[in-house]
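Hi,

Here is the structure I promised to send over. Have a look at it first, and my notes follow below.

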Amino acid sequence: MNQMNCDISAVLFDEYRIQTRIREIGLEISNEYQDRKPILIGILKGGFIFLADLVRSISIPVEVDFLAISSYGAGTSSSGVVKIRKDIDLDISGRDVIVVEDIVDSGLSLQYIKDYLWQHKPSSLRTCVLLDKPEAHKIEVHFDYVGFEVQNEFVVGYGLDFAETYRNLPYIGILKEELYQ
Ligand code: PRP
């Protein structure tokens, strides 16, 4: 048995459920952005797997870029301190931009990212989030596409880590409490 599986107390979303939901979001984006060629900006590191699957579920031409930020360090709760570790490469001024993020916890990272990207004057800026944790919000946050809601539990897999591990689990699960307490 995969050793990482033993560290998971429950599987929340298996591969099939994740892919089914991503296909739905991809269809929505394809319909809403026809003839517009949006730029999808994946937020690293956690958003890399979601972005990779999402772009393949979109049937219109898109461009892809990445923004790397860091807010958590090795802990499990948001410090609210966001650092840009890798900037975007594309010129997004006058373009339609969709931010692709793995999870919204406090909402502070996404707010920071939106404020930052608006400074580059895109013509539109929407957000696509795989997981939303409403109970953890510290500010009012709005997003345009959302995969699933989760409770206030520590989730890993499908890009989400704990101390840089578990990102390669193909599903999203709850990490056993004894591993981080
Ligand atoms: C995670 C996640 C979001 C952010 C959400 O990133 O990918 O970017 O935290 O938390 P918030 O809503 O409380 O701001 P993290 O800093 O853990 O980096 P990573 O994506 O490299 O794992």
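Strand E5 gives the largest share of the shell around the ligand, 4 residues (strands are DSSP runs of E, at least two residues, and helices runs of H or I, at least four, numbered from the N terminus). Please keep in mind that this is a predicted model, where local features need pLDDT of at least 70 and side-chain atom pairs pLDDT 80 or more, while totals for chains, interfaces and linings use all residues. Residues are numbered from 1 along each chain as its sequence is written, and side-chain values use heavy atoms, without hydrogens and water.

In total, 19 residues surround the ligand, with Glu101 and Ser106 among the closest (a heavy atom within 4 Å). For Asp161, the distance from a side-chain N or O atom to a ligand oxygen is 3.0 Å. Of the 500 Å² of accessible area that the ligand has on its own, the protein covers 94% (Shrake-Rupley, 1.4 Å probe).

Elsewhere, Phe154, Phe162 and Tyr180 make up one aromatic cluster. Within it, Phe154 and Phe162 pair edge-to-face, at 5.7 Å centre to centre and 85° between the planes (ring centres within 6.5 Å; under 30 degrees is stacked, over 60 edge-to-face, the rest tilted). Phe154 is buried at 9% relative accessibility, and Phe162 is buried at 15% (buried is under 20%, exposed over 50%, partly exposed in between; 1.4 Å probe, protein chains only).

Best wishes

Definitions and conventions: Phe/Tyr/Trp six-rings, centres within 6.5 Å; stacked < 30°, edge-to-face > 60°. Polar contact = N/O pair within 3.5 Å; in protein donor to acceptor, adjacent residues only side chain to side chain.
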